[in-house]
Amino acid sequence: MTGTPAVVIDGMRFGYGDGDFRLAVDALSIAEGERVACVGPSGTGKTTLVNLIAGIQVPEAGSVRLGDEVVSSLTDAERRRVRIRDVGLVFQEFELLDYLSAYENLLLPYHLTPHLRLDEDVKARASELAGAMGISHTLARRPVGLSHGERQRVAICRALLTEPRLVMCDEPTGNLDSKTAMVTLDLLFAQAERHGATLLMVTHDQGLLHRFDRVIDVEDLQAEWTA
Amino acid sequence: MTGVWLLSWRYVAHHRAQTAILVICLALPVFLPLGTMWVVDRYQSELVVRAGSTPLVAGAKGNRFDLAMVALYFRAGPGNAISWAQLEEIQESGLALPIPINVRHSARGRPIVGTSPEYFELRRLRPRTGTLPLCLGDVVLGARVAEELGLAPGGKLASDQKSHHDISKPTALRMSICGVLRKTGTADDGAVFVDVRTTWVLEGLVHGHRAASKVDPNRVIGKTDHLVHLSPSLIPHQEVTPDNVRNFHYHGPTHALPLSAIIVIPHDLKGRTLLKARFNATKRWQMLEPVEVIEELMGFVFKVKVFLDAYAGVLAIVTSIMAMLVIALSLRLRKAEMRTLDRIGCSRGMVFLLHAVETLTVLVLSVLLASGALLILAASLPQLSKVIE
């Protein structure tokens with residue numbers, strides 16, 4: 001941990017069109033290399049916070065900074081470029097493409113953008129990463145032929161392969177049994193640390209919180225809404 | 001760009017059943033109108049070329065199409081016969097060369113065409129092996145007949161017996177194969193040619209048997225000074241051989257012998273006009289230009305083709321709408337996948353490109369399938385003469 005902020009949120013205001021939900025965060029800073037757990041009851045805005053940091057959604061006011069880039073003020077195309085290059089995302093539902101093999105899913109970001117070049121180094125890194133995650137033997141299979149744990153590990157490899165500055169996981173163990181969840185998290189932490197990536201994980205699992213450098217509760221972050 | 005092709009191909013290949021259905025549905029509206037057009041064009045050109053090389057056809061009054069079809073494609077209809085006298089009349093007029101065509105019998109399902117040597121000149125038919133039919137009882141085979149029946153010169157071919165239960169009907173005649181014609185790709189390949197006199201033997205009009213003086217007396221029904229009446233139970237010769245050829249004879253005036261049609265080759269336009277006028281002025285005979293009949297026939301075909309084209313057009317519109325619907329539904333079904341791509345950071349342009357390449361792949365496969373089907377059709381078009389026959 002160097003103490004340099006990987007994520008900085010300042011005076012951010014966000015609301016959905018129907019007005020039922022509003023998220024207001026006055027200030028949040030996550031240091032580079034820091035491992036942060038994001039908790040809170042359902043519907044309080046954990047996933048929305050992840051989406052705002054990743055640039056999937058844009059705040060109405062305030063700013064979201066990702067390293068040197070003020071994500072909130074970028075165009076849609078620029079936000080996508082930042083996301084695919086600098087952010088690794090892991091979802092609860094794995095979100096692998098069923099018509100690709102595990103290996104092709106792992107390399108998916110490289111197939112989707114010219115900003116990432118798929119060369120022999122990347123392929124070697126993919127094989128190494130798969131080996132470290134224990135899924136080398138599954139790479140030729142399609143997702144339908146993998147267990148839940150294997151699918152999530154493929155998804156984690158996909159998120160880490162681009163060597164992102166920030167890895168964000170939205171309840172990655174929600175669909176896994178506790179033993180598989182623990183193994184998967186061990187592997188995730190080890191690989192994130194190895195790559196020096198900042199980790200922000202949304203979780204409901206209280207038993208995991210002790211493994212993080214910091215735990216933030218979205219309800220505590222919620223500031224008074226000012227238009 | 002490689003990634004786009006890879007992902008698109010993987011998607012299309014993974015959903016191969018759906019893709020195959022879509023490809024077939026899109027290929028059909030391309031193949032159907034083009035295929036129909038090719039077949040009709042080929043059909044028309046084959047008919048017109050053959051009709052064009054046949055200046056006039058004379059026959060008994062009746063259906064014009066039947067007369068043209070019997071003279072051009074040896075399709076024996078139920079129509080009345082024209083007589084040998086009309087052929088002699090044309091010959092004696094000095095206005096044209098008449099060629100007899102008599103098609104009333106078959107040999108192993110192939111039409112037996114009785115004609116004269118001029119027919120082979122008209123159609124430029126040359127024997128590949130052997131000779132043309134020179135004698136009574138000789139037969140020369142069309143190329144396809146020889147190929148399909150595995151026959152060659154020196155062999156024998158029996159005519160088909162019309163009735164096995166009526167002893168008054170002439171029996172089958174065993175004919176000697178004297179030659180096989182070169183392949184022409186026309187109706188001549190599927191016919192069996194004999195001298196016109198042989199067809200009268202087949203009809204029982206000309207027949208051969210032992211001399212009346214040598215026949216079993218029990219089979220003699222009656223006698224006059226000039227005529228001996230023999231019992232129908234006397235079986236005539238069933239094969240023409242050098243030994244019995246002199247026994248074949250006809251008991252009536254030769255000008256009454258029947259023909260299915262007469263191909264008429266006028267020496268000039270004047271002869272053509274005069275002959276047509278003379279024949280068409282009678283109540284019993286007609287003379288027609290096969291090209292006109294075939295064009296009239298093709299007129300009907302083209303009327304049907306207009307409906308086929310319209311049908312293909314409607315099919316194309318319906319298929320296009322269905323394809324658009326399928327693509328739209330596919331996009332809805334892939335909403336989750338698109339959301340994943342969106343969240344990973346895939347650009348909108350790339351998502352559009354993925355869909356475009358997938359659609360393009362399906363279209364290219366459809367065009368390839370339609371082209372393949374058209375190539376197969378084109379390759380089989382030369383065999384179309386079989387269908388026409």
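What follows is a chat about the two chains and some of their residues.

Guide: Ground rules before we start: this is a predicted model, where local features need pLDDT of at least 70, side-chain atom pairs count only at pLDDT 80 or more, and totals for chains, interfaces and linings use all residues. Residues are numbered from 1 along each chain as its sequence is written, chains are lettered from A and ligands numbered from 1 in the order in which they are written, and side-chain values use heavy atoms, with hydrogens and water left out.

Visitor: How many helices and strands does chain A have?

Guide: Helices here are DSSP runs of H or I with at least four residues, strands are runs of E with at least two, and both are numbered from the N terminus. On that count, chain A comes out at eight helices and nine strands.

Visitor: Why is chain A as compact as a globular protein of that length, and what is its radius of gyration?

Guide: The radius is taken over C-alpha atoms, and the globule rule is 2.2 Å times the number of residues to the power 0.38. For 227 residues that rule gives 17 Å, and chain A is close to that value, so it is as compact as a globular protein of that length. The C-alpha box, along the principal axes, is roughly 55 × 40 × 40 Å. The radius of gyration of chain A is 17 Å.

Visitor: What share of the residues of chain A count as buried?

Guide: Buried means under 20% relative accessible area, exposed means over 50%, and partly exposed is in between (1.4 Å probe, protein chains only). Of the 227 residues in chain A, the buried share is 55%.

Visitor: What radius of gyration does chain B have?

Guide: Chain B has 12 helices and 16 strands, and its C-alpha atoms fill a box of roughly 115 × 50 × 35 Å along the principal axes. A compact globule of 389 residues would be near 21 Å. The radius of gyration of chain B, though, is 31 Å.

Visitor: How far apart do the C-alpha centres of domain 1 and domain 2 of chain B lie?

Guide: The bounds come from an automatic or database domain assignment. In chain B, domain 1 is 2–47 + 297–388 and domain 2 is 56–288. The distance between their C-alpha centres is 53 Å.

Visitor: Is Phe94(A) buried or exposed?

Guide: Phe94(A) sits in the loop between β6 (87–91) and α3 (102–106) of chain A. Its phi is near 70°, a positive value in a residue other than glycine. With a relative accessibility of 5%, Phe94(A) counts as buried.

Visitor: And in chain B, what is the phi of Phe74(B)?

Guide: Phe74(B) belongs to the loop between α3 (64–73) and β2 (82–83) of chain B. The residue is buried, at 5% relative accessible area. Phe74(B) is not a glycine, yet its phi is positive, near 60°.

Visitor: Which residues does Arg50(B) touch, not counting residues up to four places away in sequence?

Guide: Arg50(B) is part of helix α2 (residues 16–52) of chain B, and it counts as buried at 6% relative accessibility. Contact means heavy atoms within 4.5 Å. Leaving out residues up to four places away in sequence, Arg50(B) touches Leu72(B), Tyr73(B), Phe74(B), Tyr119(B), Arg123(B), Thr186(B), Ala187(B) and Asp188(B).

Visitor: How far is Ser29(A) from Arg65(A) in space, C-alpha to C-alpha?

Guide: Ser29(A) lies in strand β2 (residues 22–31) of chain A and is partly exposed, at 38% relative accessible area. Setting aside residues up to four places away in sequence, its contacts include Pro5(A), Glu34(A) and Arg214(A). Ser29(A) and Arg65(A) are 36 residues apart in sequence, and the C-alpha distance is 9.4 Å.

Visitor: Last one: what separates the C-alpha atoms of Glu69(A) and Arg79(A)?

Guide: Glu69(A) is in strand β5 (residues 69–70) of chain A, partly exposed at 23% relative accessible area. Glu69(A) and Arg79(A) are 10 residues apart along the chain, and their C-alpha atoms are separated by 9.5 Å.
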